[in-house]
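Hello,

Here is the structure I said I would pass on. My notes follow it.

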Amino acid sequence: KCRVALLTSGGDSPGMNAAIRAVTLACEQHHYECIGFYHGYNGLMDDQAVNLTSELVNPYLQQGGTLLKSARCKSMLLPEGPKQAANTLNKHNIDALIVIGGDGSFRGMQALSHHWSGQLIGLPGTIDNDLAHSDKTIGFATAVQTATEAIDKIRDTANAFERVFIVEVMGRHSGHIAFNVGLATGAESILSFENFDPEKAQAYVEKLAVQIQQQQNNKHSSFLIILAENLWPDGPSGLQQALKQTANIDSGVCILGHIQRGGSPVVEDRLLASKLGLAAVQAIAEKQHLVMLGEVGGNLIATPIENTIQDPKPVSMYWLNAHEEALKGF
Ligand code: ATP
């Protein structure tokens, strides 16, 4: 009987539970055993296994987080780590391992593949949407929804007090969240890795100051700046101080932080996670190995893990530029 293992690794994302559920149900249908490992790759280091059944996983479909817990595991970066992980998988007679996580987790799969001969299947689970070969990653749609709802609330206060707000959103080193949220909230300015050069920070401050002053002259009441995390030197308060020093502009700062990672997955994430979970078990039946499953243009496709790590996932700038142009006339 085929034995399938499953773990969630790296940052948790809404929809991971829906994927775990779909994998478990598909395994039951195929008469495969389904074994979960807790705490990402740590569960392989110290053998934290659980038998997954439909009764156990069903109630989690609509919950954020991950019932298998997640973690970063430093041992995987050491030479002994992947060997230890392979030993645990062999001890449990595992035939295939499904890893739900981001690019770091996929690097872990590559490292493991040098020491373990079973099948390895990756599912894109990260709010950052920074994995190529899937239009969206599991959790991205929910994170964008959550951030948009939060920023709508900030907009109310910004309007009431006719204020400038700098709102920091997540995304690690990519602007998918920043740009999508910026467009959805009608932000007056969006700053992310794709349109910002830290060496020219002062020039951006001066440009922003002109935009803000123009807008205030036109008596539009609020100005929202969406700022990607890890972007501005000294973070959002650095930008806040620069606006004050350069043009005596006061602004509020809000760091949305971890509220973007949690919460019940939106329908889009439940569907994506469920489809990819079912497809992962089909891929195991088809003897696929070292691939990530993703949805591209409505089709489920398998891509070598190597490509998903190497290939960039550019943010489409077209509508953002169009939006920025349109705001100029406002
Ligand atoms: P997210 O970006 O959403 O946080 P991620 O999967 O990219 O998800 P990381 O913290 O980068 O998150 O990686 C998760 C885990 O994958 C690491 O803690 C480590 O155990 C493993 N990992 C990352 N990079 C490597 C690598 N180069 N070799 C082996 N294992 C790795």
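At what angle do the axes of helix α1 and helix α10 cross? Before the answer, please keep in mind that this is a predicted model.

The axes of α1 (residues 16-30) and α10 (residues 267-285) cross at roughly 35° and come within 7 Å. The crossing of α1 past α10 is right-handed. On the α1 side, the contact is made by A18, A19, R21, A22, V23, A26, C27 and H30. From α10 come R270, A273, S274, L276, G277, L278, A280, V281 and A285. Sorted by class, this contact has twelve nonpolar residues, three polar and two charged.

Next, the ligand. There are 19 residues around the ligand, and G10, G11, R72, G102 and G104 come nearest. Helix α5 (residues 103-113) gives the most to this shell, with six residues. By class, the shell has nine polar, five charged and five nonpolar residues.

Helix α8 covers residues 201-217, which is 17 residues. From its first C-alpha to its last, α8 reaches 24 Å, close to the 24 Å expected at 1.5 Å a residue. Just after α8, K219 has a positive phi of about 60°.

On annotation, UniProt lists residues 3-284 as "domain: Phosphofructokinase", in an unreviewed entry. Over that range the chain is 44% helix and 16% strand.

Regards

Definitions and conventions:
Residues numbered from 1 in each chain as written. Predicted model: local features only at pLDDT ≥ 70, side-chain atom pairs only at ≥ 80, totals over all residues. Near = placed C-beta within 6 Å. Helix = DSSP H or I, 4+ residues; strand = E, 2+ residues; numbered from the N terminus. Nonpolar A, V, L, I, M, F, W, Y, C, P; charged D, E, K, R; others polar. UniProt positions renumbered as here; feature names shortened; annotations may be inferred. Expected span 1.5 Å × (residues − 1). Axes fitted to C-alpha atoms, helices over the stretch in contact; angles between N-to-C directions. Left-handed = near helix turned anticlockwise from the far one by under 90°. Contact = placed C-beta atoms within 7 Å.
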